[in-house]
Amino acid sequence: MPFSKNGRRDSLVDDRRVSGPRWFRFRHMSSHDDLRDIRITDVHMHVQPWLGLRKDVSAVMRNAQDDFDRILAMMYDPSLLLAFLDEQGVDRVGMVSYPAPDTMGVGMETNDHTLRYAEANPRRLLPYGGVNARFTTNATRDVEALAERGIRMLKIHPPHQLYAANAYTQGLSALGEIYAACERLGIPVLIHTGTSIFPGARNKYGNPLELDDIALDFPDLQIVMGHGGRPFYMGEAFFVLRRHKNVWLDMSGIPPKSLLDYFPKLHELEDKLLWGTDWPSPGVKTMRKNIDQFLALPVSSTLKRKALETNSLRLLPDRTR
Ligand SMILES: [Zn+2]
């Protein structure tokens, strides 16, 4: 297989077809018989037009990923990504992208890229997009346009977009308009929390406590907290997650084997856990390694199924049926 380094393609995934949809099962994990039919959604991975990235950003990627060129090809060819997902045992992916022209090099064209890309398989490839509150001239219209084109989630990246997630409370009105439009249109918002190592990132904007304001001011908005404030804001993250029923935890970017060190009371968040990888960000080699580590945690199969499959189906239902 083109993307398998170790040739173990069949150890995890059996992608037999059962009356149309694809099924995934874990043949090698006899302790997880009750999860054999699970269909995994990775709610947070990235598909972006990498050729437009700032040179210093792309250098970070190249240094972090041995198979940079192969991943680069995947960023432009959905058939390569779909084959990779089959190999990894992942059914659906949320493809994160957002405009951050000054810090990352990519602007609003990233939305066109992801939307076009998702057309290859609208059930499995869920396009996320973004509007940058510092550059938009009409935030409401921009969000409405993305909603009409089928964006499933809107990403806000405070350390890369250079404003706090709650900056609308201090005058950045476009950001408040973005949240209001998403709330009205039923589009969840994914907000990066925690650090970023990319050259232009301002990490003072990584505190998840800022989501407390958003949850209070937009009570019908579904808010997905990216990365749970890792690696040092987990106390704030847990507080906000437990306080607000409309805040979900996207576990991507946290090494699954450290998850219970970060969130010892993970079970209290069972109904709002969303599994994700942040692949191909630095430090994330494959999705499958994360799945294996997550399945090995001493938590209930019910929690595992909710995190890997059913919670994300509630938040992001299959619209193709
Ligand atoms: Zn990410």
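A few ground rules come before the tour. Residues are counted from 1 along each chain, in the order its sequence is written. What you're looking at is a predicted model, in which local features need pLDDT of at least 70, side-chain atom pairs count only at pLDDT 80 or more, and totals for chains, interfaces and linings use all residues.

Let's begin with the sheet. It is open, has eight strands in the order β1-β2-β3-β4-β5-β6-β7-β8, and its pairing is parallel. At the edges sit β1 (41-46) and β8 (273-274), each of which pairs on one side only. Those strand names come from DSSP runs: strands are E runs of at least two residues, helices are H or I runs of at least four, and both are numbered from the N terminus. As for pairing, two strands count as paired if DSSP finds at least two bridges between them.

Now zoom in on strand β6 (residues 223-226). Strand β5 (residues 189-192) runs parallel to β6, joined by four bridges; in one of these pairings, V189 has I223 as its partner. β6 also pairs with strand β7 (residues 247-250), again in the parallel sense and over four bridges. There, M225 is partnered by L249. Moving along, β7 and β8 pair in the parallel sense over two bridges, and D250 has L274 as its bridge partner.

How does the chain get from β6 to β7? It crosses through helix α10 (residues 234-243), and this β-α-β crossover is right-handed. Right-handed here means that, with the strands pointing away from you, the path from the first strand over the helix to the second runs clockwise. β5, helix α9 (residues 211-217) and β6 make a right-handed β-α-β unit too.

A residue is buried if 20 or more other C-beta atoms (placed from the backbone) lie within 10 Å of its own, exposed if 12 or fewer do, and partly exposed in between.

E236 is partly exposed because it has 18 other C-beta atoms within 10 Å. Leaving aside neighbours within four places in sequence, E236 is in contact with N207, P208, L209 and G229; contact means that the C-beta atoms, placed from the backbone, lie within 7 Å. Y179 sits 57 residues from E236 along the chain, and their C-alpha atoms are separated by 21 Å.

Terms used: Two residues are in contact if their C-beta atoms, placed from the backbone, lie within 7 Å.
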